[in-house]
Amino acid sequence: MRQTENKDGAPRGARYYPFPRVLDVLLRGAGQVMFQNSPWTGLLFLLGIAWGSWQADRPEIITGALTGLCTGTLAACLLHAPREEIDAGLHGYNGILVGCALPVFFGSGPLCWALVFAGAFFSTVIMMAVSVFLRSWKVSAMTGPFVFTTWFILLSSYGFSHISIAALPSPALPSQISGAMAMVPGPEALLKASLAGISQVFLIDNAVTGVIFLAGIAASSLPAALLGWAGSVLAMATALFLGADGRSVEEGLYQFSAVLTAIGLGSTFYSPGWRVMLYAFLGTVFTVVAQGALNAALSPLGIPTLTFPFVIAAWLFLLPHIRFEQKGSGGSPSA
Amino acid sequence: MRQTENKDGAPRGARYYPFPRVLDVLLRGAGQVMFQNSPWTGLLFLLGIAWGSWQADRPEIITGALTGLCTGTLAACLLHAPREEIDAGLHGYNGILVGCALPVFFGSGPLCWALVFAGAFFSTVIMMAVSVFLRSWKVSAMTGPFVFTTWFILLSSYGFSHISIAALPSPALPSQISGAMAMVPGPEALLKASLAGISQVFLIDNAVTGVIFLAGIAASSLPAALLGWAGSVLAMATALFLGADGRSVEEGLYQFSAVLTAIGLGSTFYSPGWRVMLYAFLGTVFTVVAQGALNAALSPLGIPTLTFPFVIAAWLFLLPHIRFEQKGSGGSPSA
Amino acid sequence: MRQTENKDGAPRGARYYPFPRVLDVLLRGAGQVMFQNSPWTGLLFLLGIAWGSWQADRPEIITGALTGLCTGTLAACLLHAPREEIDAGLHGYNGILVGCALPVFFGSGPLCWALVFAGAFFSTVIMMAVSVFLRSWKVSAMTGPFVFTTWFILLSSYGFSHISIAALPSPALPSQISGAMAMVPGPEALLKASLAGISQVFLIDNAVTGVIFLAGIAASSLPAALLGWAGSVLAMATALFLGADGRSVEEGLYQFSAVLTAIGLGSTFYSPGWRVMLYAFLGTVFTVVAQGALNAALSPLGIPTLTFPFVIAAWLFLLPHIRFEQKGSGGSPSA
């Protein structure tokens, strides 16, 4: 985890903060979605979400993001989560994702807002639970708490008629896609797709948002930004090579989990190097396979994979604790 | 865990038992389904099951309960489970539930009885396995072993033609229930439903049985009984607020897992207090969401959720080990 | 784990090897599929696969087996897996199974071979991950890494049109098989079925291969070979008693996981004895129930159970660490 904010070497109490304390914590929460413990990253992420939200004429997405971010962080305070975790934004990133996801799938009825509050709260409980569960393996919860919370709420909507479903996939038995769907987009579409792969981490399909997100990551770590984009391109190539649905690739749906895997394995949990990069790219390829697999596995239930392909790839590729000159991933409380 | 039976402060060998030893252990096994280490609770639970079984003209349910209770406890002795766990009834509560569930879904053919024996035995193996698995997190197995065993046996019935399926839901892809089904029952029906929510813990839909069960819990702990009923009412309110199927609410199907969550979080694993109560009620609301989610998730497989919504809620809400003045949940070997 | 190869009591560096070092490691990898740390077992296993592959006119199966075996083992070297694990063949058995399975389900197109390479590599990463995960419970990964890897790749084929699916079951909601399908095969067919149950561990339906495999196990441990066959017979009897599909029994599909359970519980992880044998046979019966259950559970996804019924049975029946005069299962790095 980057600690460059503490440039002046001052003691902890006197740590330099460019933003008021509460704002700083919230912004870091946004930044941690892509493992960056930096308020600047978070600020640019919120800007990117706002842009995508505005362009799609769906103000409920940025509103949901802010609501979820605040609720998740507040819940951690109420539940006495460790102070240093809260300060690093580790109890905000699941909440903000819940807050982006629910309005995407449910629209913006009053019940949706109740669910955003409840979901962001639950995501913090689950974050604390998963973190305790994983502690002895020195592996962090990733975006698992967001995924589990959102899956529960999305699935429950089938049983609760007052929840209006806006955009869930219809439950269907899996069947192989036809070769005709596996078209390869043109160069410009591919460029856009590589950026949409970044923006889809927050469930937004918008190339400009992708650029703003990359700028946000670069504000904290240039290598991470490059890895993120490279991960998106590699995922795209893998998916097209295997014959994935061209439209899904254009919308970034085979890339967003892979982006997280590439950044996470390549720069956050291991210290960068060419062996680590190779391993991170293997993990990225695995993430694409896992994306295809989870698409099929969840198809009968009519719910999306969210970032679970990344979560499973990260857990499987981090658990072995392979010694390339491994950074201490134990204490590093990243997403 | 209540230890009030040991009133005389006599050494362990001389502990006071109102019932012959074997009977005491078995009755505690029944009581532990709702976390009460008391033979009186168990006695009233068996009475309640017998009443419900008689009223529904299904003697196989109480017979199955007794068979499962004895088999599960005996298995623990044969497999050298720790003596103090057996004495506290911790190897009976999964067996009794398996013994209630299988006749409900399979009727009472001879093969069903073979499966009750095998299932209760397996539930003890799985109890020991899950307990070892969870040991380092100081979280107990809850009714997980019952759920896993019963799921395995119910699912296997699709492949084995000699098992006669009496009452499994038809496998179907999930679809949202219509608003018309979300009717709110009248006041009397609601009262009944709040009690059916208690009785359904043992898969029985009978308000009188619910009252007997409440009396059973109260015999060991009045707060636990109140929490159980409050949990049922809160679950009912949550489900109706979200627009759940009114008939399912009337039958107690959205309440029984929530009852266990309310008792477990509110009085067994944390020491009672208003913060704990609030947390328990949040867990109860989560259980209702999980109930809706698992209904949908299991719908393609044609099996019921059993008490898994409670199990998942309990694990997630206990793992964080939040310090409200937390009772030592480590050594407390409760359901 | 047998160490009889080290007969001369020479120091480790001078250990006696009947085969060149690399070949020895690879052959042990094949043998570890059925828990035998012996190159002779591995040699006979490869012979059995070659025979079955030739008889079915599917050379891609033995080719896949060899490719997967080498790739998996090589991956372990590249990823710095512990040397003694590699030497015992523990990073070959998942790879060889992946290499057998993918050509069975995908045929032998060029993409299939890319997937065999990738799959065997991933299976080693997952092996290392699962082993780390399970370390504190002193339970080994079994064939879990093979199962997870193959499930991911098989499932992903629904989303990738360039993968040609040769033989996956059609996704379908489960429904109980008719009584007419539960026919009991004649004595000769039963004998063949008991051997096909052995050969199906490597996804081959061939009685002669089954005999060669038994000979291979016997070359390392006669009790293990007898337990394996007994497990197959017991599984067959259980499945027919419960009314399973007669054709599936003839093809060995209810037996192969049970064979592994019987050998694993009966001779590898516990030291043999009559109590252990009883426990192993209970585990074998449970495996058959789990086979039926997982058939139904995976039916909507259109993927086979592979050896997961064994994996789940082994984990559940080993976790309790029951003391019959238990062999130290901790250090024993078996399949």
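This is a predicted model: local features need pLDDT of at least 70, side-chain atom pairs count only at pLDDT 80 or more; totals for chains, interfaces and linings use all residues.
In soluble globular proteins, nonpolar side chains tend to be buried together.

Helix α8 of chain A, residues 187–199, has 13 residues and reaches 19 Å from its first C-alpha to its last, which is close to the 18 Å expected at 1.5 Å a residue. The buried residues of α8(A) are K192(A), A193(A), S194(A), L195(A), A196(A), G197(A), I198(A) and S199(A). What covers these buried residues includes several other helices of chain A, namely α2 (39–55), α9 (207–220), α10 (222–242), α11 (246–250) and α12 (256–268).

Two packed helices are described by the angle between their axes and the distance between the axes. In chain C, helix α9 (residues 207–220) and helix α10 (residues 222–242) pack at an angle of about 145 degrees, and their axes are 6 Å apart. From α9(C), the residues L214(C), I217(C), A218(C) and S220(C) take part, and they meet L222(C), A224(C), A225(C), G228(C) and W229(C) of α10(C). Sorted by class, this contact of α9(C) with α10(C) has seven nonpolar residues, two polar residues and no charged residues.

How are the chains related to one another? Chain A is superposed on chain B by a rotation of 120 degrees with 0.0 Å of shift along its axis, at an RMSD of 0.0 Å, and that is the relation of a three-fold axis. Within chain A, the C-alpha nearest the axis is that of P300(A), which lies 4.2 Å from it. The copies use different surfaces, in that 7% of the contact residues of chain A recur in chain B. A rotation of 120 degrees with 0.0 Å of shift along its axis likewise superposes chain B on chain C, with an RMSD of 0.0 Å. In chain B, P300(B) comes closest to the rotation axis, with its C-alpha at 4.2 Å, and 7% of the contact residues of chain B recur in chain C, so that here too the copies use different surfaces.

The contacts between the chains can be set side by side.

| Contact | Residues in contact |
|---|---|
| Chain A with chain B | 27 residues of chain A, 30 residues of chain B |
| Chain B with chain C | 27 residues of chain B, 30 residues of chain C |

With 27 residues of chain A in contact with 30 residues of chain B, the elements of chain A that each supply at least two residues to the side touching chain B are α6 (110–134) and α7 (144–156). The largest share of that side, seven residues, comes from α6(A), and its residues divide into 19 nonpolar, eight polar and no charged.

For the other contact, in which 27 residues of chain B meet 30 residues of chain C, two or more residues on the side of chain B come from each of α6 (110–134) and α7 (144–156) of chain B. There, α6(B) gives the largest share, seven residues, and the side of chain B that touches chain C divides into 19 nonpolar, eight polar and no charged residues.

Two serines in loops of chain A complete the picture. S161(A) is found in the loop between α7 and α8 of chain A. Is S161(A) buried or partly exposed? It has 18 other C-beta atoms within 10 Å and is therefore partly exposed, since being buried takes 20 or more. Leaving aside neighbours within four places in sequence, S161(A) is in contact with residues of chain B, namely Q176(B), I177(B), S178(B), G179(B), M181(B), A182(B) and G243(B). The C-alpha atoms of S161(A) and E85(A), 76 residues apart along the chain, are separated by 38 Å.

S140(A), by contrast, lies in the loop between α6 and α7 of chain A, and S140(A) is buried because 25 other C-beta atoms lie within 10 Å. S140(A) and W315(A) are 175 residues apart in sequence, while their C-alpha atoms are 8.2 Å apart in space.

Conventions:
Residues are numbered from 1 along each chain as its sequence is written. Chains are lettered from A and ligands numbered from 1 in the order in which they are written. Two residues are in contact if their C-beta atoms, placed from the backbone, lie within 7 Å. Helices (H or I, at least four residues) and strands (E, at least two) are DSSP runs, numbered from the N terminus. Ala, Val, Leu, Ile, Met, Phe, Trp, Tyr, Cys and Pro count as nonpolar, Asp, Glu, Lys and Arg as charged, and the others, Gly among them, as polar. Axes are lines fitted to C-alpha atoms, for helices over the stretch in contact, and angles run from 0 to 180 degrees between N-to-C directions. Copies are superposed by least squares on the C-alpha atoms of residues with pLDDT of at least 70 in both. The expected span of a helix is 1.5 Å times one less than its number of residues. A residue is buried if 20 or more other C-beta atoms lie within 10 Å of its own, exposed if 12 or fewer, and partly exposed in between; C-beta atoms are placed from the backbone.
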